[in-house]
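I opened this notebook to record what I looked up in the structure, entry by entry.

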Amino acid sequence: MHVRQLLIGAGLFGLSLSQPACGGNWASLVEKSLSPKTSIQCDGDNQRWSDYAAPKAGAVVIVGDENDVAKIIVAASKTNTSFLIQSGGNGWANTFKLDSRGIIIDISSLKAITFNAKKTQVTFQAGVTNKDLIDAAWNNNARVSASTCNCVSVLGATLGGGLSRTQGVYGLNVDNLISLNIVDPNGIRKTVTRQNNPELWWALTGAGANFGVITSATYKSQPLPQAQNTAWTGLLLFNESKLEEVITAIDKLTLAPDMQLDIYFTANPATGQPSVLVLPFYLGSAEVGRQKFASILNVGPIADNTEVIPYNTWNTAGDPFCTPGGRKPSYTTGVKKMDPVAWRNTWNEYIAFFNENPEANLTTILTECYSTAKTAKSVKNDGSSSYPFRDIKCHAITIPWYTSPSIDCSAVKFGQNVRKHLSASAGTKSPSSYINFAHGDEPLSQIYGSSLSTLKKLKQKYDPKKRLNQWFPLS
Ligand SMILES: Cc1cc2nc3c(=O)[nH]c(=O)nc-3n(C[C@H](O)[C@H](O)[C@H](O)COP(=O)(O)OP(=O)(O)OC[C@H]3O[C@@H](n4cnc5c(N)ncnc54)[C@H](O)[C@@H]3O)c2cc1C
Ligand SMILES: *[C@@H]1O[C@H](CO)[C@@H](O)[C@H](O)[C@H]1NC(C)=O
Ligand SMILES: *[C@@H]1O[C@H](CO)[C@@H](O)[C@H](O)[C@H]1NC(C)=O
Ligand SMILES: *[C@@H]1O[C@H](CO)[C@@H](O)[C@H](O)[C@H]1NC(C)=O
């Protein structure tokens, strides 16, 4: 592997016009005008969350200045160079298409975060992860909506809707957006708001990656002293013989706005044994939290590690899932109803895959359940974003996790089987797959739901040349 790091604009580039940088001649068009903070990595080497169906590029451009994104996209378009925007690098879809000349535009270094004086708004750049934003909010005596995994970029999650533990109170991430600074598919910079372009706003808030490259955004923030910014949460471990009781209790439990819950089928880190773990979450005291989740606690966990913890540690239990690398062909199903038989079948699939593939012992089925109190209401009230699944309570994600490509076939079968078991009893009109958890083998209607036909028309209008076609492309 040869690594040739070219610092653009740093005076190393006398030879650039005669010898274009790796990946094609897009760079020679633009390199002189880029910030010295931006660099090109020519071996295309690129660490992502999953190596399965990962994009392979001719070069990776590491963007050090927000102003450079538009320039790079214009140069790529002029030279017919395919490009992929990459922030957290967590997207696991199999829809990435880059040829050997293609470039990854890595925006993960754009990390600026600024709160207003009242802490009611925060402006942040596209490389900011959930952890970055949560830490900054905590240090500013504020709370912002963020997703449950620290490594995910805030905007990467938000552009697909953005599920958040606190969405029952504050809405989805898209409901917290105030304005978006985008580069459009033609490389033109714009600030988009609900007011100045309701149509494009609607498309960006649910199908964002098809309509623009967001370089920074302004978002709502709640001023809140650290002492009040806590929640009751932690892992409950159940004997798998109680699976049906746990599933029935979750099915019957209406999540109030201040509640959220995850259930995992995963190896217990203490024993290595496949286990049923439940992570309840309540925005308040242990005493009230235990009352609100009494139906689940009454099933009788073997271990109960719940406690009141500060906002800046809420995501810590999920950190192992952020570990990059390995192959993780993942699948999802949106679920309104939880049927104990379907979930026993799902458990059996998990155990069989786990036992047949010892190296796949990190394999996990993660199901995230959210209050729909606020999100479902705003569907009726304004319909102002294209995210289609505001009334869906749970999203189950099957994550087979291993390193040998020889396991791919059985992993794919396992993921598809679980999806089949769960969609058949999901209580939705048709199978649904949240875009940020979807695989890429689903029909587009399963991903974009009732927004699909309008989104396709808007795609024709805003991206007729199909430049932003890497993430569940609408054209
Ligand atoms: C462990 C784990 C936990 C997760 N938990 C949650 C969760 O709780 N809630 C939730 O909603 N999602 C969750 N997700 C899904 C996550 O939202 C998606 O994977 C998301 O697409 C990741 O964004 P990224 O920037 O980290 O990844 P990337 O792979 O860099 O981006 C994914 C796609 O989004 C596009 N994109 C990213 N940033 C921009 C931008 N600024 N402008 C335009 N396009 C952009 C990329 O081009 C790419 O097509 C989780 C994912 C993982 C791996
Ligand atoms: C652009 O590149 C694609 C392949 O990446 C090719 O199919 C297409 O013909 C090219 N278009 C032009 C105008 O060169
Ligand atoms: C789980 O339950 C089964 C059946 O009730 C019992 O035999 C087993 O010992 C239990 N395991 C643990 C770890 O409690
Ligand atoms: C998983 O298997 C690896 C070896 O393949 C081992 O080192 C690791 O401890 C196992 N993890 C668990 C949780 O059992």
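Before placing any residue, I note that helices (H or I, at least four residues) and strands (E, at least two) are taken as DSSP runs and numbered from the N terminus. I also keep in mind that this is a predicted model.

**Entry 1: positive phi**

With those element names in hand, I located Asn141 in the loop between helix H3 (130–139) and E8. I read a positive phi of about 50 degrees for Asn141, although it is not a glycine, and this value comes just after H3. I took buried to mean under 20% relative accessible area and exposed to mean over 50%; Asn141, at 37%, therefore counts as partly exposed.

I then turned to Lys119, which is likewise not a glycine and has a positive phi of about 65 degrees. I found Lys119 in the loop between strand E6 (113–115) and strand E7 (121–125), and its relative accessible area of 23% makes it partly exposed.

**Entry 2: the buried side of H3**

Which residues of H3 are buried? I listed Asn130, Leu133, Ile134, Ala136, Ala137 and Trp138. I recalled that an α-helix has 3.6 residues a turn, so residues three or four places apart point the same way. Looking up the partners of the buried residues of H3, I found that they pack against E6, E7, E8, H4 and E18.

**Entry 3: Thr166**

I next looked up Thr166, whose place is in the loop between H4 and helix H5 (167–170). Is Thr166 buried or exposed? Its relative accessibility is 3%, so I noted Thr166 as buried. Setting aside neighbours within four places in sequence, I found Thr166 in contact with Ser145, Gly171, Leu283 and Trp314.

**Entry 4: cysteines**

How many disulfides does a search of the whole structure find? The search gave me two.

I looked up the pair Cys151 and Cys322, whose sulfur atoms are 2.1 Å apart in a disulfide. I noted Cys151 as partly exposed at 23% relative accessibility, whereas Cys322, at 13%, counts as buried.

I then looked up the disulfide that joins Cys369 to Cys394, with an S to S distance of 2.2 Å. Cys369 lies in strand E20 (residues 364–370) and Cys394 in strand E21 (residues 394–399), so the pair ties together parts that are 25 residues apart in sequence. I found both Cys369 and Cys394 buried.

I checked Cys149 as well and found it in no disulfide, the nearest cysteine sulfur being that of Cys322 at 4.3 Å. The cut-off I applied for a disulfide is a pair of cysteine sulfur atoms within 2.5 Å. Cys149 is buried, with a relative accessible area of 17%, whereas Cys409 counts as exposed at 67% relative accessibility.

**Entry 5: helix pairs**

Two packed helices are described by the angle between their axes and the distance between the axes, and I recorded both for each pair.

For helix H7 (residues 243–252) and helix H10 (residues 340–356), I found that the axes come within 9 Å and cross at roughly 130 degrees. H7 and H10 are therefore oblique to each other, and their crossing is right-handed. I listed the residues making the contact as Leu243, Glu244, Ile247 and Thr248 of H7, with Pro340, Trp343, Arg344 and Trp347 of H10. By class, I sorted the residues of the contact of H7 with H10 into five nonpolar, one polar and two charged.

For helix H6 (residues 198–207) and helix H14 (residues 452–462), I noted a packing angle of about 115 degrees, with the axes 11 Å apart. That makes H6 roughly perpendicular to H14, and H6 passes H14 in a left-handed crossing. From H6, the contact is made by Glu199, Leu200, Trp202, Ala203 and Ala207, and from H14 by Thr454, Leu455, Leu458, Lys461 and Tyr462. I classed the residues of the contact of H6 with H14 as seven nonpolar, one polar and two charged.

Notes: Residues numbered from 1 in each chain as written. Chains lettered and ligands numbered in written order. Predicted model: local features only at pLDDT ≥ 70, side-chain atom pairs only at ≥ 80, totals over all residues. Heavy atoms only, no water. Axes fitted to C-alpha atoms, helices over the stretch in contact; angles between N-to-C directions. Parallel < 35°, antiparallel > 145°, perpendicular 65-115°, else oblique. Left-handed = near helix turned anticlockwise from the far one by under 90°. Contact = heavy atoms within 4.5 Å. Nonpolar A, V, L, I, M, F, W, Y, C, P; charged D, E, K, R; others polar. Buried < 20%, exposed > 50% of the residue type's maximum accessible area, 1.4 Å probe, protein only.
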